Amino acid sequence: MIAVAGRSHPLARAAVTRAVETVLRGEKRAALVSVSFVSRERMRSLNARWKGRNEPTDVLAFALTGPHGARTGDIYICPWVAAREARARGLPLRAELRRLVIHGVLHVLGYHHPEGPRRTVSPMWRRQERYMRGTR
């Protein structure tokens, strides 16, 4: 099950659903996933509370393992930060938002990456980019 929330949906619900399902199918996993698009201030607040960083970030993912190993996850995406990142990298905003959905789902499933420049050469990043190619 996939839920999409937020005041506005900068990425069509169908595109969010397709990205989540692509990852879950590819990983042969099941999960209940909620994707919320939040304001810059809300993301700053979440990031400060949960990561100790008093600034907005592009994506935060929270995973829980329920009874019998069932995975549940909440993914928060900040379109304002995503738009800045997309411009800096010369990418369409929709592509960056899809990447963040995929990135969040991988975190919900237990994948991690190093911070800093090694992030983009990590196994998780390579996996993420493979799924990006499958969700166009």
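The largest pocket in this predicted model has a volume of about 770 Å³. Here a pocket is an open set of points, on a 1 Å grid over the protein atoms alone, where a 1.4 Å probe fits, with protein on both sides within 12 Å along at least five of seven lines; lining residues have an atom within 4 Å of a point. The volume is the space filled by probe spheres set on the points, with grid points joined across faces, edges and corners. Of the 28 residues that line the largest pocket, Thr57, Asp58, Val59, His113 and Arg119 are the closest to its centre. Helix 2 (40-51), strand 3 (59-65), helix 3 (79-89), helix 4 and helix 5 each give two or more residues to this lining. Helices (H or I, at least four residues) and strands (E, at least two) are DSSP runs, numbered from the N terminus. By residue type, the lining divides into eight nonpolar, nine polar and eleven charged residues. In this division Ala, Val, Leu, Ile, Met, Phe, Trp, Tyr, Cys and Pro count as nonpolar, Asp, Glu, Lys and Arg as charged, and the others, Gly among them, as polar.

Residues are numbered from 1 along each chain as its sequence is written. In this predicted model, local features need pLDDT of at least 70 and side-chain atom pairs count only at pLDDT 80 or more, while totals for chains, interfaces and linings use all residues; side-chain values use heavy atoms, with hydrogens and water left out.

Attention now turns to charged side chains. Five salt bridges are counted, each being a side-chain nitrogen of Lys or Arg within 4 Å of a carboxyl oxygen of Asp or Glu. One of them joins arginine 127 to glutamate 27, with the closest N and O atoms 2.7 Å apart. This pair links distant parts of the chain, 100 residues apart: arginine 127 sits in helix 5 (residues 123-133) and glutamate 27 in helix 1 (residues 13-27). Arginine 127 counts as partly exposed because its relative accessibility is 23%, whereas glutamate 27, at 13%, counts as buried. Buried means under 20% relative accessible area, exposed over 50%, and partly exposed in between (1.4 Å probe, protein chains only).

Arg89, Glu96, Arg99 and Glu129 are linked in a network of salt bridges. Within it, glutamate 96 pairs with arginine 99, the closest N and O atoms being 3.3 Å apart. These two residues are separated by about one helical turn, because they lie three residues apart in helix 4 (residues 93-108). Glutamate 96 is buried at 2% relative accessibility, and arginine 99 is buried at 8%. Arginine 99 also meets the side chain of glutamate 129 in a salt bridge (2.7 Å, N to O). Since glutamate 129 lies in helix 5 and arginine 99 in helix 4, this pair ties together parts that are 30 residues apart in sequence.

A polar atom of the arginine 71 side chain does lie 3.0 Å from the backbone oxygen of valine 108.

Two loop residues complete the picture. Glutamate 115 lies in the loop between helix 4 and helix 5 and is exposed, at 56% relative accessibility. Asparagine 54, in the loop between helix 2 and strand 3, is exposed with a relative accessible area of 56%. Asparagine 54 and arginine 44 are ten residues apart in sequence and 5.9 Å apart in space, C-alpha to C-alpha.

Terms used:
A polar contact is a pair of N or O atoms within 3.5 Å; within protein, one must be able to donate a hydrogen and the other to accept it, and residues adjacent in sequence count only if both atoms are side-chain atoms.
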